[in-house]
Amino acid sequence: MHRAASARREPQLTTDRGPLLAVLGVSVDPDLLELALTHRSYAYEHGGVPHNERLEFLGDSVLGLAITTTLYRDNPDLPEGELAQMRAAVVSTVALAEVAGRIGLGKYILLGRGEELTGGREKASILADTMEALFGAVYLDQGPEEARDLVMRLVGPLLHEAARFGAAMDPKTHLQEAAAERQAPAPEYTIESTGPDHDRRFTATVSVGNLVTATGTGTSKKQAEMAAALAAWTELHA
């Protein structure tokens, strides 16, 4: 476990965006694509060039409308509250970061040096925001139908896993509730850390009585505990 953490390699910037476009299955104007992939940290270090936050704002609405319409159409018997929970789960930072990870988005993002050195290419918030910016770029370049189709290709399949992503938004609470439902002891966590101070990695182990034991890693104790809790919740609900 410790050897794997110490041997970990951060993804590096890739300037050839052809493979990304191939995975997306849609063409995007090169300038818009550049903008969608430009994080504010890069912009600030390069004379205040435009960054992707406005596209992210647009893409958030594109994503929300596509998912909301699908949920409304495909679940005629579900009340508004359940539909809202499902939507929140699949448009969450956790869900979008997982999608971004699957398509290797991190290696295409233009980051400032500080973010680069602190693992920005794997940060859920940066990955999720860039994913939304891509949706916004496709909307502007190719129109609403292409943007909706992209959302449903990438994010739509997560609707079948809405419960998992709902748990991922607050995994420690969900794990505690799952333990209580099974009349099991409350989850207990232990933490170990490896690496130098500037690149510390934490590994959390959580146990729920004799039901399940799981581990998770992260760049902070909180992140590691959340990862462990989600792994344990997922195993309990397998």
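1. A residue is termed partly exposed when its relative accessible area lies between the buried limit of under 20% and the exposed limit of over 50%. In this predicted model, R200 has a relative accessible area of 26% and is therefore partly exposed.

2. R200 takes part in a salt bridge with D197, in which the closest N and O atoms are 2.8 Å apart.

3. The hairpin deserves a separate comment. Strand 1 spans residues 188–194 and strand 2 spans residues 201–208; the two pair in the antiparallel sense, over seven bridges. Within this pairing, T190 has T205 of strand 2 as its bridge partner. Six residues lie between strand 1 and strand 2 in the hairpin. In the turn, G195 adopts a positive phi of about 90°.

4. Side chains of opposite charge can pair when their charged atoms come close. Over the whole structure, a search finds nine salt bridges. Among them is the contact between E115 and K123, whose closest N and O atoms are 2.8 Å apart. K123 shows 29% relative accessibility and is accordingly classed as partly exposed.

5. A further salt bridge joins D74 to R73, with 2.9 Å between the closest N and O atoms. The relative accessible area of D74 is 46%, which means that D74 is partly exposed.

Notes. Residues are numbered from 1 along each chain as its sequence is written. This is a predicted model: local features need pLDDT of at least 70, side-chain atom pairs count only at pLDDT 80 or more; totals for chains, interfaces and linings use all residues. Side-chain values use heavy atoms; hydrogens and water are left out. A salt bridge is a side-chain nitrogen of Lys or Arg within 4 Å of a carboxyl oxygen of Asp or Glu. Buried means under 20% relative accessible area, exposed over 50%, partly exposed in between (1.4 Å probe, protein chains only). Two strands pair if DSSP finds at least two bridges between them. Helices (H or I, at least four residues) and strands (E, at least two) are DSSP runs, numbered from the N terminus.
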